[in-house]
Amino acid sequence: MLAETIASAPAGTATDAEAELYRRFAPRIRLFGLKHLRDEAAAQDLVQQVFIVTLERLRAGAVRNVEAIGSFILGTSRTMASAQRKVGSRRTALLDRFDDRNAMAPPIDAVTFDLPRVVRCLDTLPLRDRTILILTFYADKPAPEIAAELQIAPGAVRVARSRALARMRECVGAPDKARPTGGSR
Amino acid sequence: MSVERCGRGASFADLVDYWAGDLTGADAAQLEAHLFECAECAKYLEEVVALGHAIGEGMRGAHFQSIVTDSVLNRLSRDGVRIRSYAFEPGQTIPCSVWPDDDLVVSRLRADLTGYTNVGLVLAREDGVEMSRIVDIPIGPETTEIIDAVPAARLRAVPSCRLRLVLSGTREGREQVIAEYGLEHTGTETR
C-alpha cells in the first residue's frame, strides 16, 4: 500500500512510493481540474498543489485513513479547485486578453492520439454521430442542448455519443503516449 | 476491459455523461469518487478526454469537412478560425472565392426539408466529376438550413470552374433532388 509506505517511512525517504502515488493519481487530478476549471494550465497547477498537500500530510502522519487515499486526494482536489475558481475569473480575463487559450499543451506524459488518425476515424462515423462528438467535445454542449440543436431526444444523443466513442476508440487503437496502468487504484 | 463496464461495474457511458455535464449532483459526485478509486475508469476517461482534445484540434485546424451548427461556428470564431461564408437560396448561383488566409469555407444552404429523410449533399464539378459526398445529414422537423464547412485548403487546390451542390433526400419512398446550388468558383484570390 503506497500511502501506508509513505506514512510509515521517515519523512521524504519513500521516494519510490511517492513517485508511484503521483504516477497513479496525477492524471485523475488533472481530469478533475479540466472538468471543473476548464483550463489546462489551471488543471496542471491543481495537480501540483494537491500533491504538495497530500505528501505533506502523509509524511506528517496527518492522513487519518491512509487506505482511502483516493478519497483524501479527491477531497483535497475539491477544496483546492474551489479556491482556484475564486481567482479563476481574473485568470480567464487575462488569458482572453493576452494568450491563446488553446496553446497550453497537455503534460508530456498525458495520453494523446495522432491527429490524422483521429480525423480519418471521424470520417468513418455516421454524420450524425460525428456531429454529436463535435458538439460534445468542441462546442462543450451537454446532451439536452445537442438534442435541441439536432432536434432529437437527449437519450438518443447519449446513446449515440457513447456508441460513437466506442467506435472511435476501436478505430484509433492504442494512444500514442500512455503510462502503464499498474495497480488496481 | 469490457466494452460497457469496468471490472467494478461502473458504466463507461456514465463516465462520458459525467464528462459532458450530463450527470449532476449526487450522481456526479458518486462517479467522481469512483474515478479516484478505479484505475480502469480513470484510464478510460483519460483516453476519452484525449480523443475529445484531438477532435477539438481537428476542428480548430479545419482538418475535415463536416456539417456543423451555428454553435460550432460561434466556437470556431471565438477560437480565431478564419471563416468565409456563403449563403444560398435554392436554385441560386453565386460567385465564390477562397483567400490565402481563409481556414474554412462555409456554405449555408437554405431548403424546404419538410418530410425528407436520408438527406445527402454532393459537391461536383459541372462536368459531373464528384468532389465530395455527404450522406445522412442530421435534420429535424424545423431544419431549414444545412451548414456545410469545408477546409479552405481543399478548395484552394480547385482551379476556377463552375461547381454544383446537389441536396437530395427521400420523401414518400422516393429519392428526390431537394435543391441545387451553383458556385462560380474563381479559384484562390490574392490581396
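Guide: Arg30(A) is buried, with a relative accessible area of 9%; buried here means under 20% relative accessible area, exposed means over 50%, and partly exposed lies in between (1.4 Å probe, protein chains only). The model is a predicted one, in which local features need pLDDT of at least 70 and side-chain atom pairs count only at pLDDT 80 or more, whereas totals for chains, interfaces and linings use all residues. Residues are numbered from 1 along each chain as its sequence is written, chains are lettered from A and ligands numbered from 1 in the order in which they are written, and side-chain values use heavy atoms, with hydrogens and water left out.

Arg30(A) belongs to helix α2 (residues 15-37) of chain A; helices (H or I, at least four residues) and strands (E, at least two) are DSSP runs, numbered from the N terminus. Apart from residues up to four places away in sequence, Arg30(A) is in contact with Glu40(A), Ala43(A), Val47(A), Pro106(A), Pro107(A) and Ala110(A), and also with Glu46(B) of the other chain. Contact means heavy atoms within 4.5 Å.

Of the 185 residues in chain A, 45% are buried. Among contacts in chain A with a separation of 6 or more, 68% join residues 24 or more positions apart.

On the chain B side, Val49(B) also touches chain A. Val49(B) lies in helix α3 of chain B and counts as buried, at 10% relative accessibility. Neighbours within four places in sequence aside, Val49(B) contacts Leu31(A), Leu34(A) and Trp19(B). From Val49(B) to Val16(B) the C-alpha distance is 9.0 Å, although 33 residues separate them in sequence.

Helix α8 (residues 154-172) of chain A has 19 residues, and the 27 Å from its first C-alpha to its last is close to the 27 Å expected, the expected span being 1.5 Å times one less than the number of residues. Its buried residues include Val157(A), Ala160(A), Arg161(A), Leu165(A) and Met168(A). The cover over the buried residues of α8(A) includes α5 (115-124), α6 (127-137) and α7 (143-150) of chain A, together with α1 (12-20) and α3 (39-60) of chain B. Just after α8(A), Gly173(A) has a positive phi of about 75°.

Helix α7(A) buries Ala143(A), Ile146(A), Ala147(A) and Leu150(A). These residues line one face of the helix, because they fall within an arc of 105° when seen down its axis, the arc being that of the directions from the helix axis to the C-beta atoms. An α-helix has 3.6 residues a turn, so residues three or four places apart point the same way. The buried residues of α7(A) pack against α6 and α8 of chain A. Gln151(A) follows α7(A) with a positive phi, near 55°.

Chain B is divided into domain 1 (12-55) and domain 2 (69-188), with bounds that come from an automatic or database domain assignment. The C-alpha centres of these two domains of chain B lie 36 Å apart.

Chain B also contains strands. Five of them form an open sheet of mixed pairing, in the order β3-β9-β8-β5-β6; two strands pair if DSSP finds at least two bridges between them. The edge strands β3 (93-98) and β6 (130-134) each pair on one side only. The twist averages 25° from one strand to the next, with axes as lines fitted to C-alpha atoms, for helices over the stretch in contact, and angles running from 0 to 180 degrees between N-to-C directions. Within this sheet, β3(B) and β9 (residues 174-188) of chain B are parallel over five bridges, with Ile94(B) partnered by Leu183(B). Strands β8(B) and β9(B) run antiparallel, joined by eleven bridges, and Cys161(B) is the bridge partner of His185(B). Their hairpin has two residues between the strands, and Glu172(B) there takes a positive phi near 50°.

Strand β7 (residues 145-151) of chain B is largely enclosed by the rest of the structure, because six of its seven residues are buried. β7(B) pairs in the antiparallel sense with β4 (residues 104-110) of chain B over seven bridges, and likewise antiparallel with β1 (residues 66-68) of chain B over three bridges.
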